[in-house]
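Me: Hi! I have a structure open and would like to talk it through with you. Could you help me find my way around?

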Amino acid sequence: MVGERKKKIIVGISGASGICYGVRLLELLQRVDVETHLVMSRSAKITLGHEMDLKVSQVEALADQCHKADDIGASIASGSVHSLGMLIVPCSVRSMSEIASGVTSTLLTRAADVVLKERRKLVLMVRETPLHTGHLRTMTRLSEMGAIIAPPVPAMYAKPETISDMVDHTVGRLLDLYDIDVPEVRRWKADKS
């Protein structure tokens, strides 16, 4: 009898601004029974130095397994490795465009391509504004391929008091897409009056 596999999820962090979302995602995933596989782009490591007072090693320590962006032979580059899917948080327009074209140059985009071909859930927190028509067409193409485009949009009904509140709510809503519930999400409650 084969034992039950531990659920795995792949977390990609690209070089787009908003790296705090990816870091917080990893922190929240530590609280649930899911094995995390992290791949950070070279640009993400640079962005980390500009946006947060963390070292790359500290971010990598939040994941169960880390993969180098140039390691195309990593386990997550194969469809035979079972996973719940992948989140790229944040996702740059470059990474999004590579995934949409199917012409991938790094493990980050290769793993996303594999998730799509295996019909698993791929969530892209595209971090760009404003968007031109080419961006929107690329997002439409990805949506038609099965990806979920989920830009970071704060929910004001949650009455966030800090940036951390907004980040927690946004990341928690992404985890909702994988049926992973975290208490940091303030749910909508209709007034019963």
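Predicted model: local features only at pLDDT ≥ 70, side-chain atom pairs only at ≥ 80, totals over all residues.

Me: What does Arg 187 form a salt bridge with?
Reply: One partner is Asp 176, with the closest N and O atoms 2.6 Å apart. Asp 176 sits in helix α7 and Arg 187 in the segment after α7, so this pair ties together parts that are 11 residues apart in sequence. The side chain of Arg 187 also meets that of Asp 181 in a salt bridge, at 2.7 Å from N to O.

Me: Is Asp 181 buried or exposed?
Reply: Asp 181 counts as exposed, because its relative accessibility is 57%. Arg 187, at 36%, counts as partly exposed.

Me: Where do Asp 113 and Arg 110 lie?
Reply: Both are in helix α5 (residues 107-117), 3 residues apart, which is about one turn of the helix. Asp 113 counts as buried at 17% relative accessibility, while Arg 110 counts as partly exposed at 25%.

Me: Switching to cysteines: how many disulfides does a search of the whole structure find?
Reply: The search finds 0 disulfides.

Me: Now the inside. Which residues touch the most other members of the largest nonpolar core?
Reply: That core has 31 residues, and the ones touching the most other members are Ile 13, Leu 25, Leu 26, Leu 38, Val 59 and Leu 87. Its largest share, 7 residues, comes from α1.

Me: What does Leu 26 touch?
Reply: Not counting residues up to four places away in sequence, Leu 26 touches Val 11, Ile 13, Thr 36, Leu 38, Val 59, Leu 62 and Ala 63. Another core, of 25 residues, lies apart from the largest one, and includes Ile 88, Ala 112, Leu 122 and Ala 147.

Me: Last one: where is Ser 92 found?
Reply: Ser 92 is in the loop between β4 (85-91) and α4 (93-101). A polar atom of the Ser 92 side chain lies 3.0 Å from the backbone nitrogen of Ser 95.

Conventions
Residues numbered from 1 in each chain as written. Heavy atoms only, no water. Helix = DSSP H or I, 4+ residues; strand = E, 2+ residues; numbered from the N terminus. Polar contact = N/O pair within 3.5 Å; in protein donor to acceptor, adjacent residues only side chain to side chain. Core = buried A, V, L, I, M, F, W, Y, C linked by side-chain atoms within 4.5 Å. Buried < 20%, exposed > 50% of the residue type's maximum accessible area, 1.4 Å probe, protein only. Contact = heavy atoms within 4.5 Å. Disulfide = S-S within 2.5 Å. Salt bridge = Lys/Arg side-chain N within 4 Å of Asp/Glu carboxyl O.
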